[in-house]
Amino acid sequence: MAFVTATWNPLGEAFYRKTEVYEMGWRLSSGLRDCLVAAAPYGGPIALLKEPQRRSPSARPQLEIYSSSGCSMASFVWKSGVVKHLGWTVSDDLLCIQEDGTVLIYDLFGNFKRHFSMGNEVVQNQVLEAKVFHSPYGTGIAIITGAFRFTLATNIDDLKLRRLPEVPGLQGPPTCWAVLTQDRQSKVLLASGLDLFILDNTACSAVTPPGLSPQVCSIVQMCVSFSYKYLALFTDSGHVWMGSANLKEKLSEVETKVKTPPKQMVWCRRPKSHQPSVVMMWERHLLVAGECKETIQYHLDEESVLVPELDGVRIISSTHHELLQEVPAACEEIFKIASMAPGALLLEAHKEYEKESQKADEYLREIKEQSLLGEAVRQCVEAAGHEHDIETQKILLRAASFGKCFLSNFPAEYFVIMCRDLRVLNAVRSYTVGIPLTHTQYKQMTCQVLIDRLVYRKLYPLAIEICRYLKTPEYQGVSRVLKHWACCKVQQKEESDEAIARAVSVKLAEAAGISYSEIASKAYECGRTELAIKLLEFEPRSGEQVPLLLKMKRSQLALSKAIESGDTDLVYTVVTYLKNEMNRGDFFMTLRNQPVALSLYRQFCKHQEQDTIKDLFNQDDDHQELGSFYVKASYKEKRLEARLSLLQSAVDEYNKAKNEFAAKATDEEMRLLRFQRRLEEEKGEQLLGLSLQDTLRVLLSVGLNKPAEQLYKDFRVPDKRYWWLKITALADKEDWDELEKFAKSKKSPIGYLPFVEVCVKKHNKSEAKKYISRVTPEQKVKAHLAVGDLEGAAEAAIERRSEAEISMVLSRCLSTTDRGLVDRLNRARSTTAKK
């Protein structure tokens with residue numbers, strides 16, 4: 001396996017390798033010279049702003065976007081202002097920062113999305129230099145103006161501009177500067193000669209890197225690591241200082257023997273590595289400096305650009321795309337010459353096994369004797385993940401699979417997951433896709449983000465295949481991809497609405513959890529209202545259909561859909577919207593055509609909007625409901641005249657509705673009110689609002705017998721009700737003489753038992769006994785029992801020969817005190833029963 005280590009170069013205790021990722025597919029006549037270049041991290045796209053070949057006033061730059069393999073994705077003439085810097089957001093949108101501080105945002109395919117300004121101060125003083133940076137809060141932009149002041153935006157999606165404090169004594173532009181993210185805050189570190197300053201929101205602080213060489217007179221270049229944890233400073237003496245970004249710890253200092261400031265300087269440090277290393281690039285010269293005094297030097301055949309990554313540096317030229325990185329530990333242990341690591345022995349064992357050599361058993365025995373077979377398998381699997389060459393991956397995985405056969409407890413998931421990861425990575429690393437992710441980057445990015453990137457690039461078939469291969473839940477995988485595909489499909493202007501709607505319905509027919517309303521909303525945003533309506537027909541949830549239909553001003557259709565859903569809250573939502581959007585007449589006419597909505601709205605108005613319900617009844621000529629409305633309204637009115645007016649309106653409406661009963665009842669209520677008002681004026685009694693029965697009761701209780709008599713006759717109060725009220729009122733006043741006189745005045749329509757009962761209720765049995773002789777035979781027993789006359793009750797029951805009444809009297813007798821009476825009643829009951 002000597003060929004694997006052919007590109008390795010030692011640096012201290014580590015090795016570095018430069019691997020070719022792609023042979024670039026673009027054709028750049030003048031290379032990257034005279035180009036403004038920006039490449040997104042994690043194997044992202046590359047943007048070039050090419051200056052025109054012809055130097056004339058009418059010539060304009062060309063903005064081109066390519067995949068990492070050099071496949072063209074977009075190209076257009078730049079017609080805006082002078083661009084000072086290009087950068088990429090975390091979601092692969094291109095940022096073009098102009099000299100006047102305007103930032104224009106384009107997608108991967110060169111479609112303009114939006115723009116914003118970095119503030120008036122930047123407009124006035126112009127952009128001197130700009131940097132795009134990424135932080136936990138999103139994509140940020142830092143700008144230094146011609147006035148040597150910094151303006152910072154930590155997150156362009158939630159734009160909040162901060163003008164950083166002025167640097168004391170700064171008379172010219174800083175020699176170099178960088179953005180740091182520390183303590184959940186973005187800061188600017190700048191150098192002016194030998195002086196270093198940190199600018200945060202409130203202050204400018206001078207800092208000094210520990211252990212800086214005394215030969216240094218000026219710091220001319222600086223860079224921050226991918227994780228913002230480490231800082232490198234290049235000085236005019238040719239020394240590179242490396243340390244922590246908080247400038248509290250020095251890692252190393254290396255003399256490069258080159259005093260010219262490098263064109264680019266970036267960190268090349270893989271996660272969990274103890275080896276600090278920085279890559280510097282001059283014209284056709286690349287140098288890697290680490291912890292030791294030695295360096296690695298590479299010759300560059302052409303103009304190149306360095307792109308820092310999580311675990312290395314991408315080197316992009318006009319012909320090649322390469323990856324420079326520290327060799328991962330597992331790869332080093334396996335492929336290092338004369339390595340005796342378990343993984344290296346297992347690889348040799350597998351090679352000998354394929355040759356059918358007995359040496360395979362010797363190698364395996366050696367590993368097993370040290371109980372390191374599990375570690376050997378792990379090393380081979382891990383090393384396979386770090387290799388870009390597919391054949392090398394296969395060799396390592398076959399060796400791991402061979403070793404697993406001799407283990408009973410090795411977790412198979414580790415091996416299976418790596419195989420899946422590599423299949424996905426090899427698919428996206430393909431030249432036609434052009435996303436050269438390393439395994440470390442893939443794990444950091446997560447599969448979900450990778451799927452998002454494929455979708456963003458409109459690589460839908462590949463995204464779907466990956467989702468199915470990884471068995472991603474449908475709502476997170478295939479359905480989500482198809483939804484993005486459909487949102488893109490509806491923007492295709494060359495196809496008809498019918499064709500697009502049909503294609504979307506066929507493609508999404510079996511996909512679970514897709515909201516057609518989101519796709520329809522996208523169609524509506526593109527100005528295709530009819531297509532949006534067609535797509536909404538496929539949406540099974542009315543709650544998703546209705547809001548968009550209202551947004552599209554299709555209120556009639558929205559109301560129909562809401563009614564079909566059976567969701568009253570949804571109907572109320574649409575009706576409320578219609579009420580606010582339409583004039584009153586059109587609104588009522590619309591509801592008349594929808595009986596369900598009209599009924600629900602009436603119910604709402606009965607409780608919330610009384611005046612509106614009245615208008616609805618008027619429009620429908622519903623005189624019966626109008627009469628009821630006026631009657632109910634009269635109960636809430638305190639002023640008598642207003643009440644009478646409302647009741648009169650109710651009578652008129654009931655008459656129109658030919659409801660004579662309701663009209664008569666309402667008319668009587670008006671007469672009662674007038675009667676009550678007259679009595680109040682004459683007698684001072686508070687009667688207004690009382691019912692007819694309560695009015696009679698009050699009159700009788702206060703002794704106003706003549707008005708009560710008049711009320712009784714005028715309103716034809718039933719005799720039985722009047723007599724009950726009269727005797728109750730007299731008993732309450734304990735006016736026994738008047739009660740007796742009333743009993744003798746005429747024959748009682750309710751009999752005379754009530755007279756007995758009201759007297760007993762007032763504990764006056766003597767008065768009660770006066771009326772027993774007038775009680776009918778059927779009520780004699782009850783009357784005697786009411787006054788406690790058991791003998792009389794027994795006589796009446798025996799005389800009537802009623803078994804039920806005899807039993808009633810028996811139930812009141814006590815066996816100890818009424819023994820004779822009990823025997824008598826028992827004999828009578830027996831006789832009655834025989835007959």
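These legends describe close-up views of a predicted model. Local features need pLDDT of at least 70 and side-chain atom pairs pLDDT 80 or more, whereas totals for chains, interfaces and linings use all residues. Residues are numbered from 1 along each chain as its sequence is written, and side-chain values use heavy atoms, without hydrogens and water.

**View A. Tilted ring pair of Tyr516 and Phe538.** The ring centres of Tyr516 and Phe538 lie 5.7 Å apart with the planes at 45°, so the pair is tilted (rings of Phe, Tyr and Trp, the last by its six-membered ring, pair if their centres lie within 6.5 Å; planes under 30 degrees apart are stacked, over 60 edge-to-face, the rest tilted). Tyr516 is buried at 9% relative accessible area, while Phe538 is partly exposed at 34% (buried is under 20%, exposed over 50%, partly exposed in between, with a 1.4 Å probe and protein chains only).

**View B. Aromatic pair of Trp8 and Phe15.** The structure holds 14 aromatic pairs, and among them Trp8 and Phe15 form a tilted one, 5.6 Å centre to centre with 45° between the planes. Trp8 counts as buried, at 8% relative accessibility.

**View C. Ring cluster.** Phe76, Trp78, Tyr106 and Phe112 are linked by ring pairs into a cluster.

**View D. Charges over rings.** Lys131 lies over the face of Trp177, 4.9 Å from the ring centre, and the charged end of Arg269 sits over the ring of Tyr230, 4.1 Å from its centre (NZ of Lys or CZ of Arg must be within 6 Å of the ring centre and within 35 degrees of the ring normal).
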